[in-house]
Amino acid sequence: MSTTPRRLALLLALGLVAACGAPAVSPSPSAAPHASLTPSPTSPPSPAPPSASPDTEAYVATIAVVGEQYRILLTDPADIEIARRLLAGEEAPSIPNGLIVRGDPGVNTGYSWHIDPQSVEFADMTMELCDGLPSFVEDGTLEGDRFCPWSAEIVDLQPAD
């Protein structure tokens, strides 16, 4: 069995995570062998979602998670394309992952928090520490600074106002 440099690097990184006592990384059901891990940010998010620049289209994605829904503002064209692919039932990284901004619902109507649009990315796998339901973010059960629900499903995508 040969080991590619990429696979060797991933194995070494996972070994370091395990050796440091950090939470284990668990793949989503659709995890690809080349999926990347998301590092924690080093600076806090902005208090409110920035509006898209005039030449950038922004969309609001509605995401269902085990009978609950929440909304995120997408401003990156690559993220918007991934959301479109997921909505169409196509293969793409399916776990929305981003920094939680507490105390301001932004586009996330009905909640007291939103996801910082500048931090949004879609992943094939994430750390279990940020998995959960939108209500877990709302009630403080999920205390971390990121939200990445593994069972998320894009159910709507509309242009932002």
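Reader: Which residues does Ile-72 touch, not counting residues up to four places away in sequence?

Author: Contact means heavy atoms within 4.5 Å. By that rule, and leaving out residues up to four places away in sequence, Ile-72 touches Tyr-59, Val-60, Ala-61, Ile-63, Pro-96, Val-107, Ile-115 and Val-120. Bear in mind that this is a predicted model, in which local features need pLDDT of at least 70 and side-chain atom pairs count only at pLDDT 80 or more, while totals for chains, interfaces and linings use all residues. Residues are numbered from 1 along each chain as its sequence is written, and side-chain values use heavy atoms, with hydrogens and water left out.

Reader: Which residues touch the most other members of the largest nonpolar core?

Author: A nonpolar core is a set of buried Ala, Val, Leu, Ile, Met, Phe, Trp, Tyr and Cys residues joined through side-chain atoms within 4.5 Å, and buried means under 20% relative accessible area, with exposed over 50% and partly exposed in between (1.4 Å probe, protein chains only). Here the largest core has 25 residues, of which Tyr-70, Ile-72, Leu-74, Trp-113, Ile-115, Phe-122 and Phe-147 touch the most other members. Two or more residues come from each of strand 2, strand 3, helix 2 (77-87), strand 5 (113-115) and strand 9; helices (H or I, at least four residues) and strands (E, at least two) are DSSP runs, numbered from the N terminus.

Reader: How many bridges pair strand 2 and strand 3, and in which sense?

Author: Two strands pair if DSSP finds at least two bridges between them. Strand 2 (residues 59-65) and strand 3 are antiparallel, with seven bridges, and Val-60 has Leu-73 in strand 3 as its bridge partner. In their hairpin, where two residues lie between the strands, Val-66 takes a positive phi near 45 degrees. Strand 3 (residues 68-74) is mostly covered, since five of its seven residues are buried.

Reader: Where is Glu-68, and which side chain of opposite charge is nearest to Glu-68?

Author: Lys and Arg count as positive and Asp and Glu as negative, while His and the chain ends are not counted; a salt bridge is a side-chain nitrogen of Lys or Arg within 4 Å of a carboxyl oxygen of Asp or Glu. Glu-68 lies in strand 3 and is buried without a salt bridge, the nearest side chain of opposite charge being Arg-71, 11 Å away.

Reader: Which residues form a disulfide?

Author: A disulfide is a pair of cysteine sulfur atoms within 2.5 Å. Cys-130 and Cys-148 form one, with their sulfur atoms 1.7 Å apart.
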